[in-house]
Structures are given as structure tokens and as C-alpha cells.
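Hello,

Here is the structure I promised to pass on. My notes on charge pairs and the chain contact follow.

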Amino acid sequence: MSTTTQELAVKMIDVDNPLAATVKREPAYRPARRGRKSPLRVIFMYVFLTALVLVLLIPFGWMLSSSLKRNTEVFAVPIQWIPTSFQWNNYVDIWTTIPLLTYLKNSATLTLSITFLQLLTGSFAAYGFSKVKFKGRDVLFVSYIATIAIPWQAYMIPQYIMMQKLHLTNTLMALILLQAFSAFGVFLMRQFYLSIPDELVEAARIDGLNEYRIWARIMLPLSKPALASLALLTFVATWNDYMGPFIYLTSNDLWTVQIGLQSFVGQYANDAALLMTGSVISIIPIFIIFLLGQRYFIAGIATSGLKG
Amino acid sequence: MTASPPTIRHPKITAPQFTTPQLSKERALSARRRARRTALIGWSFILPNFAGFALFTLIPVVACFFIAFTQWDAYNPPVLVGVNNFTRLLGDSNFWISVRNTAYYAFGHIPLTLAIALGLALLLNRALRGIGIFRTALFFPYLTSLVAVAIVFNLLFAPDNGPINQILNSVGIANPPRWTASTEWAMPTVIITSVWRDMGYYMILFLAGLQTIPREYYEAAEVDGANAWQRFRNITLPSLRPTTYFVLILLTISSFKVFDLIQVMTEGGPGRATLVLSQLIYRDGIVQGDYGYASAMSLALFVIVLSFTIVQFKLSERGNK
């Protein structure tokens, strides 16, 4: 259901080197590298790019700065870019103003269990789809692919009815069941497994390993980069998911960070600074994951159909 | 597609050329048995995921097509009503307004994001030390949750004393727009916010596309005396065509199903100024429990997305010829 996973899908591009994983590597055209690269031009380019990026990222700066302001100072005239006195206690008060710890715990529960199940069942199924040949396999795989293109909104009503019949609405379980078996995860892992030569698997079979052992001992260790990509993408998509929890979780003690934050907007309209504090905290896990795993946001471009 | 167990390729087990009929019959039997065994193993790998996938994705997708032709609400059992839901749609002003708003959002969000992402990609496609930091920084908004983005932009766009209106005031605009508080400006505000969030992601896609263009093309063009604009027009743009169509399709799908951003920023308001299709599906189907009618609307959304995707696909195929 998490539509964002699919959007992130294509995404798995190494930010520093978008081509890292594509097969064919042709010399890239780089205008700046033409012999007459005067130092002045280079300096100008750096200044220009730095200014551009800073301007484009002002919203983050303003959020961070406002999270340390007094509530009254957020909309002060003229604009206070830097707080007059840093209100570090905003970062203490927020935990008691709203049940932020509960929200974080719910978000973490969902994110971790969905990511874990997704990796486990996804890589397991991908082995079946790529290395075991049997009748009907390809038809089955087409049914996975077909649903990737359908917007989740188009089938959320039947899903909701089903969850209601199962008495699972307003439980975290509903979201885990809906998001842990996404077609995207299987697709991604299968594409990776296809790139592992069949000979390797055959050799293991001749050595007497059964299929489950081959998956556990050979495929899993080899597919660490793909697993890492899938884990990061699923983590980000689930952590940021809004629509799923919004529809399914009605009681406050089950809310995720996203829902908690949004309800905070309505309840405490005058706590603009604290609202920013909460927003900053909600982003921190994603920021850490992004810094740690940057290189794993690698190139699914070749697999996702972006060919020249 | 024939289910031959892999071991059969091993030289030791290769079938001898002359066999008695009796022997080959046994061989065929055991081959079939082996095929069944392989199928069982294959299924055992796929089943844990497929069970969840079939139950919670595949069945709902198929069910939607049936529910759309029933009258079904939270309290009464479903009754087949033919195309009633669809005729009701045609006369529902909420539906038309939400279709119009969704289209408004899409036709603002798609070209703006495309243009800005391409511009940024061209700008950042150079061999400078540390260029990766700039790319990374611009990509990060895309990973930030829509809720946080929507909250921050709502404050930035606050009509009274919000930073953006203060800046507009200071450059001499006496009556800046009231952004999400005005029916006229609410949708542009949402579009600006979404463009800001998405630009870095599509920029990365364009960067990848740019790097597949062979350098020789540009060198040859320079020898022929082509200026920067001519090189862009005659080399970069045509070479980027596959990337552009790909980006277009992704943008189309994501635009037509927009929900989070609008729900958090405006809740569809003021009035119905930013009410979009997926919000209406949510309201009618889940809040009010009008399952049949909401499913009909879901099908409409699906058909819209599908037809745009097909049109773009056809166009891209023609372009490639």
C-alpha cells in the first residue's frame, strides 16, 4: 500500500554517482572540463551553487531556527532568522506537551516490523521467481507487476472493508499486513537475483545443498547491497507514511509521529515553535538513515527501465 | 517454461541416446515427479509473500471492479445496481470539482517539477569537486515526510506576518496573496510546496539521463560551431527523451493520486477549492461508508491514470521511431 515505496523505487540512485549501477558506462559530458577552466570561473560556480542550494533549503533552516524560538517570536515582524535567545527547553517540553514518545514508538514498531517482513518474504519469494523454474511462475509474476502500476487509492476501499470484517481497523496489525508484502519488494529483489549467475546456484545444487540452504548461505550474503537498498526505501516510506495510519488508526495511543504531528497543528495552533520542534524530531531518524545509507540509495535505474 | 529440474543439465544424468521404451517411460515418469517436486519447492518460496500479497492487494484490486457495481454501505448488504453508481457520479458536483482540482494540481505540478528538475540537473551536471554534496542536499527534501513539509510551508505561507508575505511586503507588494486561506491561491500554494519537495528526486533521474549522453556528440557539435543553446536544443533535449517520458509518467501517476499534502495543508479547503479525487474517495468510502459509490470513483481514478499513462507511452513510442 505504501505508494511512496514505489516512487522511491526508481530512486535507488546513488546521489553522488547516479550511474554507479548501470551496466554501460559511457564517458559523461562535463562542460566544465574543457581545458580552459579558469579558477575564477570555478570560484564563481561554487559561490553560485552554494547560494542556490542555501536559498532552496531555506525552509529547513527556518524550521530549525523556529524550533528554538519562543512561540511569539516565530511570526515576529521583521523576520527573526536567528532566535534572540535559544529556547533549548522546547526540545524538553515537546515530550510532555504531546505524547511524542508513544508516537515514536508506534512509528518504530510499524517501520521495523514492516521492513523486516518485507525483506524476509521479499527475498524469499524473489529466489522462487528467479532461480527455481516451474510451471505458472511467470504468470504469477505478471500479477505482481500489474499491481505496481495501480494507484493504491484505487483499491483502498475493498482493503478497508476486509480489515473491518477482520476487526483489524484501529490496530497496528492492519498496517503491517497491508504494507509488508508489497509487490515492489519482490520485484526489486528478483531483479537483483537475476544478475547473479545461475551457474553459481547449480554448482551449489551439485554440491548437495538444498534450495533453502542455497538461499540462506549463498543468495542472502550476495544480495546485501540490494537488501540494504530495499531496507532503506521501505524504512523511509513507512516512517513517512501518512495516509495508511490516517485511515486505519483512530485512537491516540496508536498514532504514528506523522499523525501525531498533524493533530498537534489543530490542537495547539499557537505553539508554532513547538510545532517546529516536533517536526525536526520527526525528521531526525530519516536524516540519520540517509546519512548512513547514502551509498545504498543506489542505482535501480538499470532495473527500473531507464535505458538510453 | 518447461519445468526441467536443473540437475538434468549435469553431464552424468544426460539421457543416453538409445533406451528401451520401458526405460524411457520410467524416465518420463520420474521427470514429471521431479517437475512436481520443483514446483512445490518454488511455491514454498513464493507462498509466504504471495499469501499476503494476494489477500491484501490482488483480491482488493479485483474486488473493486465488482463493488463499483453494487450499492453497499456499512449497514446494509451489497446489492447489484448495474451502472447506477456511475450515472450518479456524472451528476455529482463534488466529483466534478475534485476532478477539476486534481487536473489543476497535475497540470501545475507536472510541468513545473519537470522544468525545475531539468534545470537543476543541467546546473549540477559538472565535474566540480564536492558536487555530490549539492546534489545530496537538494535530494533530501524528497525524503522528508510530507507532513513535516506541509506544516513548515503552511507556517511559511501564513497570510499574516508569515515570512513569505513579509518578504513580499518588503519588496513593495502591499497586498500579497492570502495563500492557503484564499480559494484562489490555495492550489498554487500546494503546487509550489510539492514542486519544492519533488524537484531533487527528478533532478537525480535527469542527472542519470544526462550522463548517458556521449561526450563526442558535444565535441562534434562544437567543431561545427554550434553555440550552447544549439547544443542543448539539438543534442541534450533529444538524447534526454527517454528520461523525460519516464519522468512524465512517474509525475502523472503521483499527481493524480495526491492526498497527504492536500489533506495536511488545506483539508481540501477553503470550501472545495482544493478537494481532490482521492480525498473524495476517502470521505465517501471510509468516513461515510458508501463503499459501492466510492469504489466507482476509485475506478474512475484508475481509468484516468491509466489513460494518461497509455497516451504518454504511445507518444514516447512514436517519438522513438
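**Salt bridges and the A–B interface**

B:Arg178 is partly exposed, at 40% relative accessibility. The classes are: buried under 20% relative accessible area, exposed over 50%, partly exposed in between (1.4 Å probe, protein chains only).

First, the ground rules. This is a predicted model, in which local features need pLDDT of at least 70 and side-chain atom pairs count only at pLDDT 80 or more, while totals for chains, interfaces and linings use all residues. Residues are numbered from 1 along each chain as its sequence is written, chains are lettered from A and ligands numbered from 1 in the order in which they are written, and side-chain values use heavy atoms, with hydrogens and water left out.

Back to B:Arg178. This residue forms a salt bridge with B:Asp160, with the closest N and O atoms 3.4 Å apart. B:Arg178 sits in the loop between α6 (163-170) and α7 (186-210) of chain B, and B:Asp160 in the loop between α5 (146-156) and α6, so the pair ties together parts that are 18 residues apart in sequence. Helices here are DSSP runs (H or I, at least four residues), numbered from the N terminus. B:Asp160 is exposed, at 52%.

A salt bridge means a side-chain nitrogen of Lys or Arg within 4 Å of a carboxyl oxygen of Asp or Glu. Over all chains, the structure holds 6. Two further examples:

- A:Arg205 pairs with A:Glu211, the closest N and O atoms being 2.5 Å apart. A:Arg205 is buried at 13%. A:Glu211 is buried too, at 12%.
- B:Arg197 and B:Asp198 meet at 3.8 Å, N to O. B:Arg197 is buried at 9%, and B:Asp198 is buried at 8%.

Now the interface. How many salt bridges are there between chain A and chain B? The count is 0. Polar contacts do turn up: 12 residue pairs, both at pLDDT 80 or more. (That means N or O atoms within 3.5 Å; within protein, one must be able to donate a hydrogen and the other to accept it, and residues adjacent in sequence count only if both atoms are side-chain atoms.)

On the chain A side, helix α7 (residues 156-165) gives the most, with 10 residues. The contact (heavy atoms within 4.5 Å) takes 112 residues from chain A and 103 from chain B. About 10,200 Å² is buried between the chains, 74% of it from carbon and sulfur atoms. That area is the accessible area (1.4 Å probe) lost on putting the two parts together, summed over both.

Best regards

Key
Helices (H or I, at least four residues) and strands (E, at least two) are DSSP runs, numbered from the N terminus.
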